[in-house]
Amino acid sequence: MADKVRVAVDAMGGDNAPKEVIKGAVEAVNAKEEIQLILVGVEDKIKQELANYTYPKERIRVVHATEIITTEESPVMAIRKKKDSSIVVAMNMVKNKEADAFVSAGSSGAILAGGQLIVGRIKGIERPPLAPLIPTEKGVSLLIDCGANVDARASHLVQFAKMGSIYMEYVVGIKNPKVAIVNIGAEEEKGNALVKETFPLLKQCPEINFIGSIEAREIPSGYADVIVCEAFVGNVILKLYEGVGSTFKKMVINALKSTTLSKIGALFVKSAVKDTLKSFDASDYGGAPLLGLNGLVVKTHGNAKMKEIRNSIMQCVIFKEQQINEKIKERIIVKE
């Protein structure tokens, strides 16, 4: 039997906690025998919700935490002051090797701050990037960074590209993934100062399959497997992507319901349309890992429901089985 993957879950984080978080946790445990869960938060509330489900009791345990970090609080101050919050308690479990990974739908700022201050960076990693999978015509691409490092330097982006390539190859299964940097044109001389400085560094990097620049309109086609940018650009791309996907789904559904003829036609294309629209559902891809830390930290959407929580927990299994952190240390960190 494979070793258990111990995942600490912030049971109190997100708009739909603890109900949807616990529902997703139970689904994950029932789906994969390798998963051992630690639900962190207000014990009474967690156990009350768990009582509604059937699951292997020996593979879920509850760790009590009295405090909750909200999105209104200063992330760094909250991490330092709320030592008994679900985020801090769970991250300390990762730091102390009591858990292999941490999953939360809670405060993005607190998770990013805690990842660096508590879990800590792998020695030699300059900045940990947040890297979600986004749907494309060909499957998925990794957007790196989408929110962790707004003022990144060229050397940071080079590390992002290397870590993104490792993740796509070993977690998603894409051999020799194509890497591109977000730009306003295909020509090498285009872009802002950061892109112009980073481009030749990526071009000279033997560890990645760099294919040049990618314009925003090319991202949905799946032109590149790893899309490199600093966090401000990445977050704008991600939010626009999610907004367009949501709007598109609504427009298609409304169009199919608009007339009697379209309703009849919908009966014949229902399955195909459903499968197509499903590809825009971010919850299918789990959460965004914060790469380059001493343990795995996964951030899900604040409004995450059962499916996204479940998939985020399950992706932790692949991360550990493929020894992503070990590969990052081997391939990226310069040996002194």
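The exercises below work through parts of a predicted model, each with a solution in steps.

Residues are numbered from 1 along each chain as its sequence is written, and side-chain values use heavy atoms, with hydrogens and water left out. Because the model is predicted, local features need pLDDT of at least 70 and side-chain atom pairs count only at pLDDT 80 or more, while totals for chains, interfaces and linings use all residues.

**Exercise 1. Work out the order of the five strands in the open sheet, and state which are the edge strands.**

Step 1. Helices (H or I, at least four residues) and strands (E, at least two) are DSSP runs, numbered from the N terminus, and two strands pair if DSSP finds at least two bridges between them.

Step 2. The five strands follow the order β5-β6-β9-β7-β8, with mixed pairing.

Step 3. The edge strands are β5 (133-136) and β8 (209-214), each of which pairs on one side only. From one strand to the next, the twist averages 30°.

Step 4. Helix α6 (residues 154-172) packs on this sheet and touches β5, β6 (139-144), β7 and β9 (226-228), where contact means heavy atoms within 4.5 Å. The direction of α6 makes about 150° with that of β6, the axes being lines fitted to C-alpha atoms, for helices over the stretch in contact, and the angles running from 0 to 180 degrees between N-to-C directions.

**Exercise 2. Compare how β5 pairs with β6 and how β7 pairs with β8.**

Step 1. Strands of a sheet pair through backbone hydrogen bonds, either parallel or antiparallel.

Step 2. β5 and β6 run antiparallel and are joined by four bridges; they form a hairpin with two residues between them, and L133 stands opposite L142 in β6.

Step 3. β7 (residues 178-182) and β8 pair in the parallel sense over five bridges, with V179 opposite F210 in β8.

Step 4. In a regular strand the side chains alternate between the two faces of the sheet. Both faces of β5 are covered, since L133 and P135 on one side, and I134 and T136 on the other, are all buried (under 20% relative accessible area, with exposed meaning over 50% and partly exposed in between, for a 1.4 Å probe and protein chains only).

**Exercise 3. Describe the two aromatic pairs that the structure holds.**

Step 1. A pair of aromatic rings is described by the distance of the centres and the angle of the planes. Rings of Phe, Tyr and Trp (its six-membered ring) pair if their centres lie within 6.5 Å, and planes under 30 degrees apart count as stacked, over 60 as edge-to-face and the rest as tilted.

Step 2. The ring centres of Y167 and F319 are 6.3 Å apart and their planes stand at 50°, so this pair is tilted. Y167 lies in helix α6 and F319 in helix α10 (residues 306-321), so the pair ties together parts that are 152 residues apart in sequence. Y167 and F319 are both buried.

Step 3. The rings of F199 and F210 have centres 5.1 Å apart and planes at 75°, so this pair is edge-to-face. F199 belongs to helix α7 (residues 193-203) and F210 to strand β8, 11 residues apart. F199 is buried at a relative accessible area of 6%, and F210 is buried at 16%.
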